[in-house]
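Welcome to this guided tour! Keep your viewer open, and select each stop as we reach it.

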Amino acid sequence: MIAPARKAVDLAALSQPRIRVSGHVVDVSPQSFRVAGLSPFVRLGDCIVCDGPDGEELGEVVRVEEQAATVKPFAVRFQSGVRTLAWKTGPITVSPAQSWKGRTIDAFGRPCDDLGPVEPGPVAYLTDTLPDAAMRRGRIKDAVATQVKAIDIFTPLVRGQRMGIFAGSGVGKSTLMGMLARAPGFDTVVVALVGERGREVREFLEETMRGELGRVVTVVATGDESAMMRRLAPKTAMTVAEYFRDQGEHVLLIVDSVTRLAHAARDVALAAGEPPVARGYPPSVFSELPRLLERAGPGAEGSGTITGLFAVLVDGDDHNEPIADAIRGTLDGHIVLDRAIAEEGRFPAIDVLKSISRLADLAWSGEERELVSRLRAMIARYEDTRDLRLLGGYQRGADATLDQAIDLVPHVYGNLMQHPGDATVTKPFEELSMRLKAGMTGG
């Protein structure tokens, strides 16, 4: 299927000779620089090129005033000085192709691996674009098995769904996302590693995705790169995912993490002079996040889907902090990882009572829905009385429902435990049923 025309860029038009209007740098700060002479000709989001000591330096216009435009560089540090000439250039584009599968690229689509140049596709796509119109999108209907038991039972995924994984640091978020990246049922997996540790890139590719790299495109912007690169990487990954979706493929998009995207967007907005309004976050951050997240989902009728998994690093384990709260309201469900569960050694550390899939009814049968409802009630009863039971304040036989929960919930928890190297489970409800029957009979 042909991609929507509004996302494509006419490469022939860009290559035509044109008059270049130049300005010059008048001010340089650690976070940005200002260019005079271009204000009448540039808009927010336009790119500016300067002649640096080590070649061309690229930046993006983040503020336009009559006297000068404020530009945020893509490099960690702007190397040029005042009076350096600057030119307006075209918007940032990438040209995905089927040959990109198995490759690792940066936010500009340049190769980061040792496999040679990345072959560009015939069409360039803008990295920053609007989502498809609501009435042009197809309906979500097909369930997909992740082979992670806790998710397939309590928070099942549907193709085209956007799910958030909310967790504090060190609770197993990246490990869980690595398990989900191996899920069958997807033609292509696009992974954006945003602000991650540099050492984790090779670990993810060589260990987590071993044997699966033929269908994976990885976009990397590590924590030592500039805020502009970390802000651009998820947009590039989304653009690549949209390309494969428009080819009719079912795509799994993983962004780890959206929180670091928000941090990068905050740095850019503060450099542009925006005031902080919520724990240091300027207003534009809360409008930029849903604009990106809404690009995932089903495409036009007859095209493929983008199933989005977005990691949210919860600051200080506060699940109501501004970024987590804003993202949770935009997505189609959320999976919450709990530190207390991780400390008990139960992985993945999913809190099934706080996690929800808003599209679960499209995946469950009637019997499965009833079973999950009863299990949630049983687990809630078990957890609510934990302190009472530990203090010896409950005597067995006083409450038959609680007695059943005490007998069965540990078996449920044991069944949900799963590690990356464990054998895959294709029928999680059958396995859980057998485990519960064994618990009821004392087996």
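Two residues are in contact when they have heavy atoms within 4.5 Å of each other. This is a predicted model: local features need pLDDT of at least 70, side-chain atom pairs count only at pLDDT 80 or more, and totals for chains, interfaces and linings use all residues. Residues are numbered from 1 along each chain as its sequence is written, and side-chain values use heavy atoms, with hydrogens and water left out.

**Stop 1: the domains**

Colour residues 20–90 as domain 1, 94–361 as domain 2 and 367–441 as domain 3. These bounds come from an automatic or database domain assignment. The centres of domain 1 and domain 2, taken over C-alpha atoms, are separated by 30 Å. Where these two domains meet, 11 residues of domain 1 are in contact with 13 residues of domain 2.

**Stop 2: the cores**

A residue is buried at under 20% relative accessible area, exposed at over 50%, and partly exposed in between (1.4 Å probe, protein chains only). A nonpolar core is a set of buried Ala, Val, Leu, Ile, Met, Phe, Trp, Tyr and Cys residues joined through side-chain atoms within 4.5 Å. In soluble globular proteins, nonpolar side chains tend to be buried together.

Now select Phe154, Leu176, Leu309, Leu337 and Ile350: among the 56 residues of the largest nonpolar core, these touch the most other members. Helix α12 (residues 400–416) gives the most to this core, with 7 residues. Domain 2 and domain 3 both contribute residues, so the core lies between them. A second, separate core has 52 residues, including Val219, Ala233, Leu253 and Ala262.

Which residues does leucine 176 contact, leaving aside neighbours within four places in sequence? Show Val148, Ile151, Ile165, Leu337, Pro348 and Ile350 to see them. Proline 348 sits in the loop between α9 (339–343) and β20 (356–357).

**Stop 3**

Helices (H or I, at least four residues) and strands (E, at least two) are DSSP runs, numbered from the N terminus. Select strand β16 (residues 250–256) and find isoleucine 254 in it. Is isoleucine 254 buried or exposed? At 2% relative accessibility, isoleucine 254 counts as buried. Not counting residues up to four places away in sequence, isoleucine 254 touches Met177, Ala181, Val190, Val191, Ala192 and Leu309.

Move on to serine 257, in the loop between β16 and α6. The peptide bond from aspartate 256 to serine 257 is cis, with omega near 5°.

Next comes helix α6 (residues 258–271), whose 14 residues reach 20 Å from first C-alpha to last, close to the 20 Å expected. That expected span is 1.5 Å times one less than the number of residues. Buried residues of α6 include Val258, Leu261, Ala265 and Val268. After α6 you meet glycine 273, with a positive phi near 95°.

**Stop 4: towards α7**

In the loop between α6 and α7, pick arginine 279. Its phi is near 50°, a positive value in a residue other than glycine. Arginine 279 is exposed, at 58% relative accessibility.

Now show the rings of tyrosine 281 and phenylalanine 286. Rings of Phe, Tyr and Trp (its six-membered ring) pair if their centres lie within 6.5 Å; planes under 30 degrees apart count as stacked, over 60 as edge-to-face and the rest as tilted. The structure holds 6 aromatic pairs. In this one, the centres are 6.1 Å apart and the planes are at 70°, so the pair is edge-to-face. Tyrosine 281 is buried, at 2% relative accessible area, whereas phenylalanine 286 is partly exposed, at 25%.

**Stop 5: helix α13**

Finish at helix α13 (residues 428–441). Select its buried residues: Pro428, Phe429, Leu432, Leu436 and Gly439. They cover an arc of only 90° around the axis, which puts them on the same side of α13; the arc is that of the directions from the helix axis to the C-beta atoms. These buried residues pack against α2 (149–154), α10 (366–384) and α12.
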